Amino acid sequence: MLSPVTSYEELSKALNTLLLQGVVINALPNREALEQEIRRGSLYQQQISEGLLLIRRRETLDRLTFLIKKGQSLPLWEPERNTVVELPFRNALGAMEEIEAAFLATGFREILSRLRLSRKGTEDVSFPQGAVRLCEDAQAACRLLCESFSPITGCLPEEGELAELAKQGKLLSLPGGILHYESSGKTTELRHLAVAPTHRRQGLGALLVGAYLNQQGEKLSRVWTAVENLPARRLYEHFGYAADGWQSHVLYYSKESKEERP
Amino acid sequence: MKEKLLAILSEACPEVDFETETALIDDGLLESLDIVMIVTEIMQEFGVELTVDDLLPENFNSVDVLLALIESRTA
């Protein structure tokens with residue numbers, strides 16, 4: 001049974017006990033983020049003999065973090081709601097393989113396979129960037145991102161967050177296209193690149209990436225992209241990105257389709 | 001102790017030169033998931049108890065910072 005997490009101190013005791021035993025984990029627990037979820041009343045946990053499941057509850061979806069003791073796997077487990085879980089790995093699934101098999105046996109299905117591309121920083125880059133500007137219209141950015149990315153796998157910022165990102169200069173745009181990045185220290189991550197269907201095949205993606213690299217090019221840049229999105233991969237490779245070994249499988253459990261099964 | 005720590009780190013991320021890098025997190029050389037892997041190895045190898053609150057990126061920026069964290073728990 002899922003129970004709401006009401007105290008970070010209680011949760012951290014459980015996390016520490018598991019850490020001491022050695023765990024396979026799909027996301028690093030971060031105190032600040034967990035406390036924020038607890039304040040919102042959106043963090044739930046399920047203790048299992050093999051470890052701990054943490055759920056971040058959203059309106060229509062639960063997002064799952066697991067800590068499974070090394071050498072063990074996930075037990076048969078029925079999610080209460082539509083649930084998404086991401087399994088990141090480097091080079092090979094390794095210890096994640098058995099856990100992924102258990103999720104699939106539970107009724108999860110893979111909805112996205114992603115890989116990460118990296119590009120070493122270079123000084124004095126000067127790519128063509130056409131009419132790319134800092135985005136000032138967070139509403140329009142939000143619309144285009146929502147049209148372009150899945151609400152389940154898209155990791156989309158909310159409109160309020162986009163307004164903040166625009167103020168920070170982390171949204172670049174031109175008519176029909178938007179690019180969102182995050183940046184800290186010596187690394188930067190291209191988070192979202194979207195071009196409206198009516199504006200595709202005009203090189204807008206290249207102008208946006210070019211402008212982003214002109215601004216951030218001395219930093220190590222990373223981008224996650226769908227394995228099957230060959231046009232995007234070709235675009236990034238054109239700018240010098242290459243696969244760095246990190247991959248992830250996104251698994252989804254749909255309550256509706258489960259109930260439809262005979 | 002430093003040699004043992006370097007061995008753990010190099011096994012987790014063979015492509016990184018841990019002896020010279022001093023901004024492992026800021027430079028993006030270590031991922032958050034690498035940290036989890038490294039922490040469990042450190043706890044087993046050195047017999048120290050690190051907690052979830054120790055998993056701050058700034059504790060993993062260099063071998064020396066990480067060594068100081070371990071030593072503070074073994075003192």
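Author: Start with E35(A) and R31(A). They form a salt bridge, and their closest N and O atoms are 3.1 Å apart. The term salt bridge here means a side-chain nitrogen of Lys or Arg within 4 Å of a carboxyl oxygen of Asp or Glu. Both residues sit in helix α2 (residues 31-40) of chain A; because they are 4 residues apart there, about one helical turn separates them. Helices are DSSP runs of H or I with at least four residues, strands are runs of E with at least two, and both are numbered from the N terminus.

E35(A) is partly exposed, at a relative accessible area of 25%. R31(A) is partly exposed too, at 34%. The cut-offs are these: buried is under 20% relative accessible area, exposed is over 50%, and partly exposed lies in between, with a 1.4 Å probe and protein chains only.

A word on the basis. This is a predicted model: local features need pLDDT of at least 70, side-chain atom pairs count only at pLDDT 80 or more, and totals for chains, interfaces and linings use all residues. Residues are numbered from 1 along each chain as its sequence is written, chains are lettered from A and ligands numbered from 1 in the order in which they are written, and side-chain values use heavy atoms, with hydrogens and water left out.

Next, E80(A) and R57(A). Their salt bridge has its closest N and O atoms 3.6 Å apart. This pair links distant parts of the chain: E80(A) is in the loop between β5 (62-69) and β6 (83-90) of chain A, while R57(A) is in strand β4 (residues 51-57), 23 residues apart. E80(A) is partly exposed, with a relative accessible area of 40%. R57(A) is buried, at 19%.

R57(A) also turns up in another setting. S42(A) touches R57(A), along with E37(A), I55(A), R56(A) and R58(A), leaving aside residues up to four places away in sequence. Contact means heavy atoms within 4.5 Å. S42(A) lies in the loop between α2 and β3 (43-48) of chain A. It is buried, with a relative accessible area of 6%.

Now R116(A) and D244(A). They form a salt bridge with the closest N and O atoms 2.6 Å apart. R116(A) belongs to strand β7 (residues 109-119) of chain A and D244(A) to strand β13 (residues 242-253), so the pair ties together parts 128 residues apart in sequence. R116(A) is buried, with a relative accessible area of 4%. D244(A) is partly exposed, at 24%.

Some salt bridges share partners. Through them, E9(A), R31(A), E35(A) and D53(B) join into one network. Over all chains, the count comes to 18 salt bridges.

Finally, the setting. Chain A has 8 helices and 13 strands. Of its 262 residues, 52% are buried. Among contacts between residues at least 6 apart in sequence, 67% join residues at least 24 apart. As for charge, the mean positions of the 32 positive and 33 negative charges of chain A are 3 Å apart. Lys and Arg count as positive, Asp and Glu as negative; His and the chain ends are not counted. Each charge is placed at NZ of Lys, CZ of Arg, CG of Asp or CD of Glu.
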